[in-house]
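Me: I would like to go through this structure with you. Could you take my questions one at a time?

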Amino acid sequence: MSRRIKNTKLRKHIEKKREYFQIYQKGNIHLDLFAIYGNKNPVIMEIGIGRGEFLAGQSLLHWQNNYLGLEINKARIDYALRQLDTKRHQNVRIIDLFADENLIELIKSNTIRKIYILHPDPWPKRRHQQRRIINHKFIDVLYQLLDDKGVIEIQTDHQEYAEWILQHFSEREDFIPVNGGITDIPRQGHLVTYFEEKKMREGNNPLYITYKKKLVKDTREK
Ligand SMILES: C[S@@+](CC[C@H](N)C(=O)[O-])C[C@H]1O[C@@H](n2cnc3c(N)ncnc32)[C@H](O)[C@@H]1O
């Protein structure tokens, strides 16, 4: 729990939500998604949920999917928990985690239908670019996590990072661009988050990047 919350009533309210929505990594054991959600519905993952508006809204719109939100900032997790309701958001879980290549130790391969990465930190300075979440090793992991219908949806307000992302995907043969790969037209059911609105007010409109997993044909003789 973030130490910043001094209001006891609010703190208790968040702790109650945490009991329901937050899940924890137990050693190097894969999450049992069926046990967590109690069904086999498609699992949609969002990396870096921020204040959680997208997760909270999408999970209501698509109640037939399960949602798994990953976030490293504890204060933001608390903020996101406040937006979730134990009756209406039964298909949502959050995990306090820094997503990197180790994700494959936590989540079984071929189990995620869609991965959203919305406004990932752009690390604009050249010397910081190696911190960008989009890199080939991480895309390798995303490929493994996605199921056969798997899709990656990325959104960025940073033109140069958008070009970096496209460059990475264009260098690969395991993903196919959807609708040309990039557009400035918001996706159906698009939800504007606090962060996105802030960026738009500063004059930086989002770009939407979509790639789907390409299935490698099994060429072995049957
Ligand atoms: C710029 S904010 C965008 C938040 C939200 N996606 C939105 O569009 O409003 C990026 C968020 O990703 C989180 N984050 C950055 N790297 C992460 C990582 N590797 N794993 C999990 N969360 C991460 C940050 O803590 C922050 O909350």
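**A conversation about the model**

Me: Let us begin with Trp123. Where is Trp123 found?

Reply: Trp123 is found in the loop between strand 5 and helix 6 (136–145). Please bear in mind that this is a predicted model.

Me: What is the phi of Trp123?

Reply: Phi of Trp123 is near 40 degrees, a positive value in a residue other than glycine.

Me: And is Trp123 buried, exposed or partly exposed?

Reply: Trp123 has 16 other C-beta atoms within 10 Å, so it counts as partly exposed.

Me: What about the phi of Asn179?

Reply: Asn179 also has a positive phi, near 50 degrees, and it is a residue other than glycine. Asn179 belongs to strand 7. Asn179 is exposed because 9 other C-beta atoms lie within 10 Å.

Me: Now the core. Which residues have the most contacts inside the largest nonpolar core?

Reply: They are Met45, Leu55, Ala80, Ile112, Ile115, Leu145 and Ile165, in a core of 45 residues. Strand 5 (residues 112–118) gives the most to this core, with five residues. As a general point, nonpolar side chains in soluble globular proteins tend to be buried together.

Me: What does Ile165 touch, leaving out residues up to four places away in sequence?

Reply: Ile165 touches Ile134, Ile154, Thr156 and Ile209. Ile165 is also one of the buried residues of helix 7, together with Tyr161, Ala162 and Phe169.

Me: Why do the buried residues of helix 7 line one face?

Reply: Seen down the helix axis, they fall within an arc of 105 degrees, so they line one face of helix 7. These buried residues pack against strand 6, strand 7 (175–183) and strand 8 (207–213). The face turned away from the buried side carries the exposed residues Gln159, Glu160, Gln167 and Ser170.

Me: What span should the twelve residues of helix 7 have?

Reply: At 1.5 Å a residue they should span 16 Å, and the end C-alpha atoms of helix 7 are 16 Å apart, which agrees.

Me: Where is the place of His158?

Reply: His158 sits in the loop between strand 6 (146–156) and helix 7 (159–170). With 19 other C-beta atoms within 10 Å, His158 is partly exposed. Leaving aside residues up to four places away in sequence, His158 touches Pro122 and Pro124. The C-alpha atoms of His158 and Asp121 are separated by 9.3 Å, although the two are 37 residues apart along the chain.

Me: Changing topic: which residues come nearest to the ligand?

Reply: Of the 18 residues around the ligand, Gly48, Gly50, Ala99, Thr193 and Phe195 come nearest. Strand 3 (66–71) and helix 8 (194–201) are the elements that give two or more residues to this shell. The shell divides into nine nonpolar, five polar and four charged residues.

Me: Tyr67 lies in strand 3. Is Tyr67 buried or exposed?

Reply: Tyr67 counts as buried, because it has 28 C-beta neighbours inside 10 Å. Not counting residues up to four places away in sequence, Tyr67 touches Ile44, Glu46, Leu55, Gln58, Ser59, Asn91 and Val92.

Me: Lastly, which residues of helix 4 are buried, and what covers them?

Reply: In helix 4 (residues 74–83), the buried residues are Ile77, Asp78, Tyr79, Ala80 and Leu81. Their cover includes helix 1 (8–21), helix 3 (53–61), strand 3 and strand 4 (92–96).

Definitions and conventions: Residues are numbered from 1 along each chain as its sequence is written. This is a predicted model: local features need pLDDT of at least 70, side-chain atom pairs count only at pLDDT 80 or more; totals for chains, interfaces and linings use all residues. A nonpolar core is a set of buried Ala, Val, Leu, Ile, Met, Phe, Trp, Tyr and Cys residues joined through C-beta atoms within 7 Å. A residue is buried if 20 or more other C-beta atoms lie within 10 Å of its own, exposed if 12 or fewer, and partly exposed in between; C-beta atoms are placed from the backbone. Helices (H or I, at least four residues) and strands (E, at least two) are DSSP runs, numbered from the N terminus. Two residues are in contact if their C-beta atoms, placed from the backbone, lie within 7 Å. A residue is near a molecule or strand if its C-beta atom, placed from the backbone, lies within 6 Å of it. Ala, Val, Leu, Ile, Met, Phe, Trp, Tyr, Cys and Pro count as nonpolar, Asp, Glu, Lys and Arg as charged, and the others, Gly among them, as polar. The expected span of a helix is 1.5 Å times one less than its number of residues. The arc is that of the directions from the helix axis to the C-beta atoms.
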